[in-house]
Amino acid sequence: MGSSTTTVVLGGGMPAVLEVLDFALSRRPTVAVLGWNLSVPGTVDQVAARNPDVALVCADLPHWDGIKACADIKRLGTPTRVIVIGSEEDQATLISAVKAGADGYVTVADSVDDLVDALHQVCRGESRIPSLMLGSLLRGLIELRREDDAALERFTSLGNREREVLEELVTGLDNHAIAAKLHLSPHTVRTHTQNILAKLGVHSRLEAARFVFEHDLLSRFGIGDR
Amino acid sequence: MHLARNGVDAPEGDQRRILIVGARTLYLQALCELLDGTTGLCASLLPPGQLRDSSMDPSPEVVLLDCLAGSDGLEPLVGKIGELHTGTPIVLLTWGSARESSKQAASLHAEGWVSMSLPIAELVKVISDRTGRVSDAGATSSRGARRPGGAVEWPLSALSERELSVLRLVVDGSSPDEIATTLSISRHTVRTHLQNVMAKMLVRSRTEMVSVARKSGMRPTPGLPQS
């Protein structure tokens with residue numbers, strides 16, 4: 001092994017949970033806990049400040065969004081790797097964790113030594129997913145991809161003008177404001193909006209906006225960026 | 001509900017034993033290691049499925065039961081533990097607020113509860129109180145001593161400041177109406193406080209409340225006529 005110790009910052013919503021993990025990990029000679037935090041922004045700040053090898057975030061505790069913590073830490077753009085702790089049956093959390101950029105997933109049914117292995121493993125640049133969950137994770141991701149493709153297909157069926165109207169609609173403008181901005185009559189905008197809703201297969205402007213956000217059409221097509 | 005509060009007559013010198021029953025191995029194993037390492041309490045972890053084969057001999061002093069352990073309710077587990085270790089108090093390990101935890105513990109007739117959402121020092125203190133051993137972690141913690149009037153014993157440590165003052169007045173012999181006057185709050189508020197205190201202390205009456213409070217170290221205010 002190269003560097004001897006893996007440095008860790010912990011994040012989660014329950015003091016006792018973090019304190020016992022801190023205690024158990026600190027006893028292992030190959031792990032050093034740099035700190036822990038009870039809030040998501042606090043955890044992200046601590047990761048930014050202390051630059052640990054691994055950030056370990058709980059995603060199975062109530063009132064604490066471990067997935068957001070994971071995504072925010074990844075957004076820092078530092079080399080810190082992220083392991084998410086979740087429950088064994090919770091496929092949805094695993095998929096969100098992977099989408100949020102997690103490098104590893106450890107379940108609460110694992111032992112402390114499993115966790116230590118996982119820390120070293122992601123530190124070496126490998127990913128760690130419980131093998132029993134791999135099959136359903138792949139199925140879940142493929143399913144997600146399929147939905148995304150279908151969404152994309154519907155989106156590309158929009159005409160140029162419709163796409164422009166959608167861009168404005170997503171930012172929250174009403175028909176009159178859109179009409180003024182694009183130099184169209186409110187009546188035309190209404191027609192465009194109706195066609196957009198039909199083509200996207202949604203029932204309201206709000207749903208249309210959600211559709212755009214959910215399938216990440218903003219960043220993929222530069223919609224709404226300004 | 002038979003209570004064995006303040007088990008001070010436990011023999012000295014040997015290892016106090018705690019059995020933790022639960023499936024969240026990662027957290028519970030870490031908890032075992034912390035209890036072993038900081039308190040001298042000897043803790044072992046058992047998955048709920050293996051409970052039937054367990055023949056821990058002699059019986060543990062306390063069973064700490066994870067409230068998420070039972071896939072089909074906790075009652076079967078509580079029953080099984082009662083069969084295997086008759087008379088051993090069961091403390092519920094919860095992951096939520098004081099209110100939810102005390103409700104759950106009361107409905108299972110558990111001895112009490114500890115929550116992972118509290119600082120570990122409080123949790124350790126509750127557990128060591130159950131086993132009659134003063135722990136280093138509990139004693140040295142500054143976080144535990146946040147209430148005025150010195151350290152209060154579990155189950156009193158679960159009460160808020162206001163609930164504690166209501167309880168003190170009850171111990172001093174005040175009626176709910178007198179408490180309302182003394183604290184300048186409505187009778188209705190006093191009733192709510194009393195209900196919450198009862199839930200948190202796992203008692204069913206004001207009489208039992210006074211008896212448990214006094215056993216937990218609360219003394220009547222000196223100089224008052226005793227009723």
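The model is predicted: local features need pLDDT of at least 70, side-chain atom pairs count only at pLDDT 80 or more, and totals for chains, interfaces and linings use all residues. Residues are numbered from 1 along each chain as its sequence is written, chains are lettered from A and ligands numbered from 1 in the order in which they are written, and side-chain values use heavy atoms, with hydrogens and water left out.

**Interface**

On the chain B side, 20 residues are in contact with 25 residues of chain A. Contact means heavy atoms within 4.5 Å. About 1800 Å² is buried between the two chains. Carbon and sulfur atoms give 66% of that area. Buried area is the accessible area (1.4 Å probe) that two parts lose on being put together, summed over both. In chain B, the residues that lose the most area to chain A are B:Leu26, B:Tyr27 and B:Glu33, together 39% of what that side buries.

B:Glu33 also takes part in a salt bridge, with A:Arg27 (2.9 Å, N to O). A salt bridge is a side-chain nitrogen of Lys or Arg within 4 Å of a carboxyl oxygen of Asp or Glu. The rule finds three salt bridges across this interface. It also finds twelve residue pairs in polar contact, both residues at pLDDT 80 or more. A polar contact is a pair of N or O atoms within 3.5 Å; within protein, one must be able to donate a hydrogen and the other to accept it, and residues adjacent in sequence count only if both atoms are side-chain atoms.

Two elements of chain B give two or more residues to the side that touches chain A: α1 (25-39) and α4 (120-130). α1(B) gives the most, with ten residues. Helices (H or I, at least four residues) and strands (E, at least two) are DSSP runs, numbered from the N terminus. The residues on this side of chain B divide into twelve nonpolar, five polar and three charged. Ala, Val, Leu, Ile, Met, Phe, Trp, Tyr, Cys and Pro count as nonpolar, Asp, Glu, Lys and Arg as charged, and the others, Gly among them, as polar.

**Sheets**

Two strands pair if DSSP finds at least two bridges between them. The table lists the sheet of each chain.

| Chain | Strand order | Pairing |
|---|---|---|
| Chain B | five strands, β2-β1-β3-β4-β5 | parallel |
| Chain A | five strands, β2-β1-β3-β4-β5 | parallel |

The sheet of chain A is open. β2 (31-37) and β5 (104-107) of chain A stand at the edges, each with a single partner strand, so one side of each has no neighbour in the sheet. The twist averages 25 degrees from one strand to the next. Four bridges join β1 (residues 6-11) to β3 (residues 54-58) in chain A. One bridge partner pair is A:Val8 and A:Val54. Helix α1 (residues 15-27) of chain A lies across β1, β2, β3 and β4 (81-86), at about 165 degrees to β2(A). Axes are lines fitted to C-alpha atoms, for helices over the stretch in contact, and angles run from 0 to 180 degrees between N-to-C directions.

In chain B, four bridges join β4 (residues 90-94) to β5(B). B:Thr94 stands opposite B:Ser115.

**Salt bridges**

Over all chains, the structure holds 16 salt bridges. A:Asp113 forms one with A:Arg28, with the closest N and O atoms 3.3 Å apart. This pair links distant parts of the chain, 85 residues apart. A:Asp113 is in helix α5 (residues 112-123) of chain A, and A:Arg28 in the loop between α1 and β2 of chain A.
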